[in-house]
Amino acid sequence: MICVMFPGQPLTQENNLPIDEDFRDIALLTRRMTGLDLESFSWGEKILSRQVALQVYGTAISLIQRQRLQSSGVKPAIIAEHSMGIYPALAACGSLADSDALTLTMRVGNSLASMAGGVEYSLGCVIGLPATTVLSVAENNGAYVANRNTSRHLLLAGERHSIESAMAESLSLGAFSVRTFPCDAPLHTPLIESIAPQLAGIVGDYCFAEPTVPLMEHIEQEFLTASDIPDFLVQELCLPVNWEETYLALRRAGITAWHEAGCGDSLKKYNRWIASEQQ
Amino acid sequence: MSEELIEQVKQLIIDALRIEGMAPADIESDAPLFGEGLGLDSIDALQLVVAMEKSYGVVVPDAATGTKVFQSVRSMAAYIAENRK
């Protein structure tokens with residue numbers, strides 16, 4: 001049984017993208033629907049933030065990869081998503097048109113960007129410490145766990161100074177690697193609840209069809225129905241991503257083959273780690 | 001440090017990282033493992049730390065040591081040769 005997984009926002013754009021017909025089709029659609037030019041990674045008339053560009057870029061690349069997988073005969077039994085990978089995942093399961101997935105990504109991203117209001121937010125990636133230790137570090141520094149990707153790979157979100165102090169503490173406790181990334185908003189934390197009504201308004205502008213391929217979500221590992229989707233799209237930005245549980249649930253559901261549709265191969269690497277701990 | 005150990009380290013990398021379609025001969029002993037070389041990242045490095053400990057009883061205690069150890073296959077093999085139990 002095959003699972004196609006859709007990763008979240010990339011940290012940077014890809015190098016050496018193959019420019020084929022699938023790329024050109026989605027690049028044209030992306031430019032028309034959002035104003036972002038994929039090849040030059042630049043906005044048209046309406047200039048939005050770099051993070052929004054990366055979010056739209058991530059959705060577009062996922063749509064291209066999904067097209068390539070389809071062309072090569074890959075038929076998923078289940079679709080899975082991580083963070084903002086939900087938008088192309090909705091397109092892949094037939095719940096949303098590609099064009100809507102792109103505009104929804106842009107509008108949600110822009111709404112998140114508007115949250116900053118002078119506050120600098122960051123993400124901090126901690127590799128090598130147990131989850132319980134990272135949870136304590138987050139609490140000590142006023143940060144939040146945004147992604148629990150594996151038992152030893154967690155992402156924190158919060159105000160920049162909180163994340164920087166959390167990364168310093170993690171390193172002092174023996175973390176193998178820590179990295180800080182800029183972001184517009186503290187994704188997957190309760191801080192997003194302050195703009196939940198705004199996000200619900202955006203989501204309310206879209207109609208979601210019943211998924212034609214089962215779509216497993218990353219919070220409770222349930223399969224989403226069309227009626228679940230609007231609430232999930234708001235809720236998922238306020239709650240942490242639990243990829244470890246999602247991978248294990250997918251395996252219990254019978255998945256034996258994995259394809260990652262998007263930038264990079266982080267989900268495959270998380271899976272490799274989780275699988276190695278199960279042996 | 002033996003050539004045999006270098007070959008073993010190459011196989012360890014392939015096995016631990018589940019790199020498909022690659023043989024030990026495809027990995028250069030002195031090429032950087034990160035960035036332009038094999039293109040590994042911190043997630044891969046942690047997987048290699050665990051594999052080294054499991055296979056050779058060698059511990060990479062911190063990030064600074066890891067940076068030196070994971071420069072190349074040869075530096076990994078040298079660290080194993082010096083520290084294995």
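**Salt bridges and their surroundings**

A: Over all chains, a search of the whole structure finds 13 salt bridges, each being a side-chain nitrogen of Lys or Arg within 4 Å of a carboxyl oxygen of Asp or Glu. This is a predicted model, in which local features need pLDDT of at least 70 and side-chain atom pairs count only at pLDDT 80 or more, while totals for chains, interfaces and linings use all residues. Residues are numbered from 1 along each chain as its sequence is written, chains are lettered from A and ligands numbered from 1 in the order in which they are written, and side-chain values use heavy atoms, with hydrogens and water left out.

Within chain A, one of the pairs is A:Asp20 with A:Arg68, whose closest N and O atoms are 2.9 Å apart. This pair links distant parts of the chain, 48 residues apart: A:Asp20 is in the loop between β1 (2-6) and α1 (21-34), and A:Arg68 is in helix α2 (residues 50-71) of chain A. Helices and strands are here DSSP runs numbered from the N terminus (H or I, at least four residues, for helices; E, at least two, for strands). A:Asp20 has a relative accessible area of 25% and A:Arg68 has 21%. Both therefore count as partly exposed, the class between buried (under 20%) and exposed (over 50%), with a 1.4 Å probe and protein chains only.

A further salt bridge joins the side chains of A:Arg160 and A:Glu120 at 2.8 Å, N to O. Here too distant parts of the chain are linked, 40 residues apart, with A:Arg160 in helix α6 (residues 160-172) and A:Glu120 in the loop between α4 (98-113) and β5 of chain A. A:Arg160 is partly exposed, at 36% relative accessible area. A:Arg160 is also among the residues touched by A:Ser122, where contact means heavy atoms within 4.5 Å. A:Ser122 is in strand β5 (residues 121-127) of chain A and is buried, with a relative accessible area of 4%. Leaving out residues up to four places away in sequence, the contacts of A:Ser122 also include A:Glu159, A:Ile163, A:Phe181 and A:Cys183.

Attention now turns to the pairs between the chains. Chain B and chain A share three salt bridges. In one of them, B:Asp44 pairs with A:Lys269, the closest N and O atoms lying 2.7 Å apart. Another brings together the side chains of B:Asp41 and A:Lys269, at 3.0 Å from N to O. B:Asp41 lies in the loop between α1 and α2 of chain B and A:Lys269 in helix α10 (residues 266-278) of chain A, so this pair joins two chains. B:Asp41 is partly exposed, at 26% relative accessibility, whereas A:Lys269 is buried, at 9%. A network of salt bridges links A:Lys269, A:Asp265, A:Arg272, B:Asp41 and B:Asp44. Side chains of opposite charge can pair when their charged atoms come close.

The interface that holds these pairs can be described in wider terms. In chain B, 17 residues are in contact with 14 residues of chain A. The size of an interface is often given as the accessible area lost when the parts come together. For chain B and chain A this buried area is about 1300 Å², 62% of it on carbon and sulfur atoms; the value is the accessible area (1.4 Å probe) that the two parts lose on being put together, summed over both. Seven residue pairs, both residues at pLDDT 80 or more, are in polar contact across the interface. A polar contact is a pair of N or O atoms within 3.5 Å; within protein, one must be able to donate a hydrogen and the other to accept it, and residues adjacent in sequence count only if both atoms are side-chain atoms. On the side of chain B that touches chain A, the elements giving two or more residues are α2 (42-56) and α3 (63-69) of chain B. The most come from α2(B), which gives eight residues. By class, this side of chain B has 10 nonpolar, three polar and four charged residues; Ala, Val, Leu, Ile, Met, Phe, Trp, Tyr, Cys and Pro count as nonpolar, Asp, Glu, Lys and Arg as charged, and the others, Gly among them, as polar.
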